[in-house]
Amino acid sequence: MKRRDFLTNTAAASTLIGLGGLGMNSCSRLGQKHITILHTNDVHSHIDPFPASHSEFANLGGIAKRATLVEQIRNENPNTLLFDAGDIFQGTPYFNFYGGELEFKLMSKLKYDASAIGNHDFDNGIDGLLAQMPHASFELLCANYDFTNTVMNGYVKPYKTYLVDGVKIGVYGLGIELDGLVTKKLYKETVYLNPYEIALDMERKLKEEENCDLVICLSHLGYDYDNPERPMDTQLAQRTHYTDLIIGGHTHTFLEKPDVRTNRKGNAVLVNQVGCYGINLGRIDFYFDPDKNASAEGVSIVV
Amino acid sequence: MIDLKFKQIVAIVTFCFLFSCKNTTGELVEIQGKQVPIDASIKPTESISEFVAPYRNRIDEVLDSTLAFAPEPFLLDDGKRNTSMGNLMADIVFKETAPIFKGRTGKELDFVVLNYGGVRSIISAGNVSARNAYEVMPFENYIVVVELDGSAVRKLIDFLTKATRRHPISGIQIVVDKNGGLESVDIHGEPFDESRIYYVATSDYLVQGGPSVGFFDEMISVSDTDYLLRNAIIDHFRKVDTLKAVVDDRFIQLEN
């Protein structure tokens, strides 16, 4: 039997429900805990907005504008975490000239909490990545790269937990297979482990041992591939038991809205990715209700 | 009277806080997801802009002087089996590498093969600067020359004809029939001779990645040029006034 059923509302339907139950809702919202998760992926050193002359992304993006937006949201809800799903580096001369220093310094100024590691984050070699670590006040999370025999040993955690307004949030990272994508000379002795197996270990640990209320995966695997052999976020979602949200990257996928998949337990998992180059900020809001009876009505998903 | 009403309201609100809104995490009841575009309506945070400015100024000084002119845009999707942007890249690599390779080894460069995914940007019509070279080739990849025997070249050609992506080539002409079968291959204007050795310029990325990248399975040798792909592009921009490349017949598929 499904412990927690879910229903996906369109925005219009949810507005109706919201109006209908205004009196009750406004009271229960008072007691609800509200966690906001913000995310980017594949920013690829895009620090400035695109120029007005750009054929695809005119006037979009820019980290100084992202800073304003993040600050606004944090002012509305201080219980906010900010993540990136990797490929921070490479794509503009900022990376060629400064090696990622500026990207890490700016993400630290925006108070990013953690990031996954993308394949392009190895573009100046594993030594080039290490060289920028002093500029990062956020965590690099990757559970399926074994860095033991590399200079990055000790600098990357498999997961991290955050206690936000009493809600315990566990976040783990996953990286893509590097062979064939990155020159071995660059990633050296980094060992890639099966992301599906590692994900199951991580989410079990975060749920059962760390007692997390919310489990989030930062994935640089890619959203979806035709080749079923390639690990991908859509498959990962369906193979997990406890992961609530997969924040994806690598495939530069512009989703119209977060994808809702069903996990092994029959519960909803959100898979989201917001394109690339810092053009969009993903925002997922989680509401917890202390009244346990609420769970009988399932988790309402509004995307 | 007013006082009493106020007290009642306070009592009700307090009641609500105490009983309806317990201080436990509780169950996840609702998830809302959306994406927020970072567009022109958002004001930049000044302290961040100011922090970036000196980094940007230094880059602009180096990159923004005009080196050449593009009369038309060079695109990555304007031809079926070859593209103007891919052809521009492969031709630049051929022109800039052949004299270096000849100077170092006394040998002639035969042709060039690059990977479509390695050409990271188009070039728009107008003035062309070193910035374009960084956009097209942001990676620190070097040009290498690979020595291949005839059977390895056949495998490479086979890989190129089966590829769905339009990998840039130069110095070689490939014709396939309407079913994708190989019709003819000319290298340097001569029919492909499977009994000889060929020298192929490419990116070290395709060589170091090994067989899993798909291009070069069996190599006799690899010669370094110590020449960054991006620097070859910039040097070419400096040499020519007007960039020239069009979709042509270097790789075509016959219709019947």
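Q: Two strands pair if DSSP finds at least two bridges between them. With that in mind, which strand pairs with β15 (residues 280–289) of chain A?

A: Strand β1 of chain B does, in the antiparallel sense, and ten bridges hold the pairing. Strands are DSSP runs of E with at least two residues, helices are runs of H or I with at least four, and both are numbered from the N terminus. This is a predicted model: local features need pLDDT of at least 70, side-chain atom pairs count only at pLDDT 80 or more, and totals for chains, interfaces and linings use all residues. Residues are numbered from 1 along each chain as its sequence is written, while chains are lettered from A and ligands numbered from 1 in the order in which they are written.

Q: Thanks! Which residue stands opposite I284(A)?

A: G33(B), which is in β1(B).

Q: How many residues does each chain give to the contact?

A: Chain A gives 65 residues and chain B gives 41. Two residues are in contact here if their C-beta atoms, placed from the backbone, lie within 7 Å.

Q: And which element has the largest share of chain B's side?

A: That is β1(B), with eleven residues. The elements of chain B giving two or more residues to that side are α1 (2–20), β1 (27–37), α2 (46–63), α4 (130–136) and α6 (204–208).

Q: New topic: in what order do the strands of the open sheet in chain A run?

A: The order is β8-β9-β11-β12-β14-β13, six strands with mixed pairing. β8 (159–164) and β13 (259–262) of chain A are at the edges with a single partner strand each, so one side of each has no neighbour in the sheet.

Q: What about β11 and β12 of chain A, parallel or antiparallel?

A: Parallel: three bridges join β11 (residues 214–219) to β12 (residues 245–247) in chain A. Within that pair, C217(A) sits opposite I246(A).

Q: Which residues of the largest nonpolar core touch the most other members?

A: F83(A), L141(A), C142(A), V171(A), I216(A) and L218(A), out of 87 residues in that core. A nonpolar core is a set of buried Ala, Val, Leu, Ile, Met, Phe, Trp, Tyr and Cys residues joined through C-beta atoms within 7 Å.

Q: What is I216(A) in contact with, leaving aside its neighbours within four places in sequence?

A: The partners of I216(A) are then I37(A), I169(A), V171(A), D244(A), L245(A) and I247(A).

Q: Where is H252(A) found?

A: H252(A) is in the loop between β12 and β13 of chain A. H252(A) counts as partly exposed because it has 16 C-beta neighbours inside 10 Å.

Q: And D226(B), buried or exposed?

A: Exposed, because D226(B) has 10 C-beta neighbours inside 10 Å. D226(B) lies in strand β11 (residues 221–228) of chain B.

Terms used:
A residue is buried if 20 or more other C-beta atoms lie within 10 Å of its own, exposed if 12 or fewer, and partly exposed in between; C-beta atoms are placed from the backbone.
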